[in-house]
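We will go from one stop to the next.

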Amino acid sequence: MKYAVIKKEDLNLWVKHLMKKAKLYAPKRKENLFVFRQVKDASEICLSYIPTILPPKKYYFPQKEKLLKFNINPFLTSKAIEGFEDFILFAVHTCDIAGIQCMDVVFRDGPEDPNYLNRKDKMTIIGIECLQYCDEHANCVSMGNHVPRGGYDLMMIELSEKFILHINSEKGEKLVSSLDYIKEADEKDMISLERLREAKKKMFKEEFSGSLPEIYEVFDKRFNSSVWKDIAKQCVACGNCTAVCPTCYCFDVIDEVELSLNKGTRYRMWNSCLMDDFAKVAGGEDFRKGRDARQRHRYYRKFKYPVDKFNRYFCTGCGRCTRSCMAGIKLVETVNSLLKEP
Amino acid sequence: MKKQPKPRVAFFDFTDCEGCQLQIANMGTTLLELTQLVDIVKFREIMSEEAEDYDIAIIEGAISTDNDVKRIKKIREKAKVLITLGACAAIGGVNGIKNRTSLEIAKQRVYGDMAGSINTINAMPVHKVVNVDYIINGCPVYLPEVISVFKCLLMGKPYVVPNYPVCAECKMNENVCRYEKDEECLGPVTRAGCNSWCINNGNKCYGCRGLLENPPIDAAKDILLKYGLTLEEVLGRFTLYNDSMGEKYDKEFK
């Protein structure tokens with residue numbers, strides 16, 4: 001079975017079934033925004049949502065993660081996490097799935113990151129395809145992430161009174177097989193899906209004024225552009241843009257001891273290139289002193305450096321950095337300004 | 001191995017509300033755990049005994065009289081380690097508001113007819129008068145940070161106050177940014193270390209932990225203006241706790 005269908009009225013039944021299999025994390029409302037949270041009841045889930053405050057990366061690359069337990073005297077170390085739990089990410093947008101694919105490339109690149117790989121191994125991804133723009137800040141079409149491009153176990157596509165489920169892995173197949181309310185999609189469903197994708201093409205338009213190779217070229221040439229100075233004037237270096245980015249993975253390592261002063265835990269905690277001290281080294285030298293250099297670095301870590309290293313753009317087009325910027329720095333505007341520069 | 005005697009800790013208060021000491025008094029069982037490692041020999045909120053022999057002096061409050069200057073110097077001479085506790089001692093805190101006008105006006109406002117008999121000087125953080133070994137920021141102090149500082153002290157390590165903004169912790173806590181609700185906040189210019197305590201509980205950041213080493217005052221000012229504050233209100237926000245860092249931002253406003 002490659003495509004299945006489930007009636008909307010049976011969705012709750014299926015969610016209940018999924019919750020029996022593993023912890024289920026899904027988008028929920030939080031004040032005027034959305035967050036991924038564990039859900040205990042299908043009614044808590046919001047299937048129509050703009051990208052959550054933090055991407056689901058908090059589940060496979062937690063904000064503060066235990067790495068190691070230690071004892072000072074006698075000196076001993078042990079595993080910080082005994083076992084990793086199975087979990088399902090439910091109703092993940094295609095942009096965030098692209099984010100997971102980027103993280104995969106990074107953390108699998110030698111030396112492999114065991115914590116990430118352990119979590120990834122326990123993770124099941126059920127996506128949901130967006131049928132309209134979440135808001136004006138997204139640039140998913142230019143990044144090619146407005147349509148499913150793999151990286152998931154199941155993909156839900158809303159089709160009037162039902163959902164089509166694209167089955168993309170064995171893990172995914174197991175979650176839909178032998179359930180009497182999930183059936184194989186028929187030819188009519190497939191025609192509807194094709195029509196829907198055609199309609200989507202008319203609605204979704206490229207947000208950048210140039211193609212990705214053109215953008216790569218421009219980043220190659222515009223290291224000293226005045227665009228970076230303009231951004232620095234607005235930027236407060238709060239780090240919102242990096243914290244909410246599905247592909248920012250920088251961290252710092254810290255040791256914390258208990259009050260006994262003999263036992264402790266080593267953690268890694270999110271950190272980012274926007275922070276003042278991030279590129280400071282012993283002796284006080286700072287490789288990226290100004291906010292212009294730091295913001296530029298963030299952009300280069302999306303449109304230039306990962307392309308050189310992994311042959312992949314690290315912007316997913318989710319629009320979170322723009323949405324969370326209190327100064328109103330807009331990614332699409334920045335990229336288009338660079339493209340416009342003579 | 002012979003057990004070393006526990007270091008003796010004494011608490012002192014200067015110009016302040018004593019709320020930070022109250023935080024410590026309210027620490028609960030952790031305070032008892034802490035007394036396994038240190039001897040508290042003077043702490044008037046929790047004990048009536050008072051010893052004048054101490055190793056570690058914990059100073060709460062700003063320095064704001066000539067007598068304060070003399071007193072803090074004496075304490076410094078005696079103490080092997082000196083820790084400032086809370087915004088008043090660490091950065092001057094709200095006491096600094098009086099520095100925004102002349103001392104004469106400030107005295108008149110508070111003491112009226114009695115102003116002539118009052119000795120007062122500009123409010124100062126403790127480090128402006130004596131050498132400080134450990135700084136604990138906040139109004140009031142954040143207890144997990146107090147514990148971290150004690151651990152560093154007992155291990156003989158320096159405690160580094162984060163030089164990244166409250167926003168970094170706030171985002172990790174996945175709060176809805178106040179700016180996304182059309183409300184202002186000093187998070188972007190304020191030192192983290194409080195785990196975005198106020199915002200987690202529905203309040204805004206007032207900047208009580210002091211400004212970052214290089215606060216992006218120019219950009220922060222533009223943002224606050226955009227969110228409807230007047231220039232005077234913006235300056236008021238920045239100086240509510242942070243008069244002692246005046247040089248850093250005064251030029252942005254004048």
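Which residues does A:Ala237 touch, not counting residues up to four places away in sequence? Select A:Ala237 and look around. A:Ala237 touches A:Leu274, A:Asp276, A:Arg291, A:Arg294 and B:Pro216. Touching, or contact, means that the C-beta atoms of two residues, placed from the backbone, lie within 7 Å.

A word on the model. It is predicted: local features need pLDDT of at least 70, side-chain atom pairs count only at pLDDT 80 or more, and totals for chains, interfaces and linings use all residues. Residues are numbered from 1 along each chain as its sequence is written, while chains are lettered from A and ligands numbered from 1 in the order in which they are written.

**Stop 1: around A:Ala237**

Stay on A:Ala237. It lies in the loop between helix H9 (226-234) and helix H10 (240-243) of chain A. Helices (H or I, at least four residues) and strands (E, at least two) are DSSP runs, numbered from the N terminus. A:Ala237 counts as buried because it has 31 C-beta neighbours inside 10 Å. The cut-offs: buried needs 20 or more other C-beta atoms within 10 Å of the residue's own, exposed means 12 or fewer, and partly exposed is in between, with C-beta atoms placed from the backbone.

**Stop 2**

Zoom out to chain A. It has 14 helices and 12 strands. The radius of gyration is 22 Å, close to the 20 Å that the globule rule gives for 342 residues, so chain A is as compact as a globular protein of that length. That radius is taken over C-alpha atoms, and the rule is 2.2 Å times the number of residues to the power 0.38. Along its principal axes the C-alpha trace spans about 65 × 65 × 40 Å. Of the 342 residues, 38% count as buried.

**Stop 3: a helix**

Select helix H3 (residues 94-108) of chain A. It has 15 residues and reaches 21 Å from first C-alpha to last, close to the 21 Å expected at 1.5 Å a residue. The expected span is 1.5 Å times one less than the number of residues. Buried residues of H3(A) include A:Thr94, A:Ile97 and A:Met103. What covers the buried residues includes strand E6 (87-92) and strand E7 (123-128) of chain A.

**Stop 4: paired strands**

Select strand E12 (residues 263-270) of chain A. Strand E4 (residues 64-71) of chain A runs antiparallel to E12(A), joined by seven bridges. Strands pair if DSSP finds at least two bridges between them. Find A:Leu68: its bridge partner in E12(A) is A:Arg266. Next, show strand E11 (residues 251-257) of chain A. E11(A) and E12(A) also pair in the antiparallel sense, over seven bridges. Here A:Glu256 stands opposite A:Thr265. The hairpin has five residues between these strands, and A:Leu261 takes a positive phi near 65°.

**Stop 5: where the chains meet**

Show both chains. The contact takes 30 residues from chain B and 29 residues from chain A. Among the elements giving two or more residues to chain B's side are helix H2 (29-34) and helix H9 (217-226) of chain B.

**Stop 6: inside chain B**

Color chain B by domain: domain 1 (8-155) and domain 2 (166-253). These bounds come from an automatic or database domain assignment. How far apart do the C-alpha centres of the two domains lie? They lie 24 Å apart.
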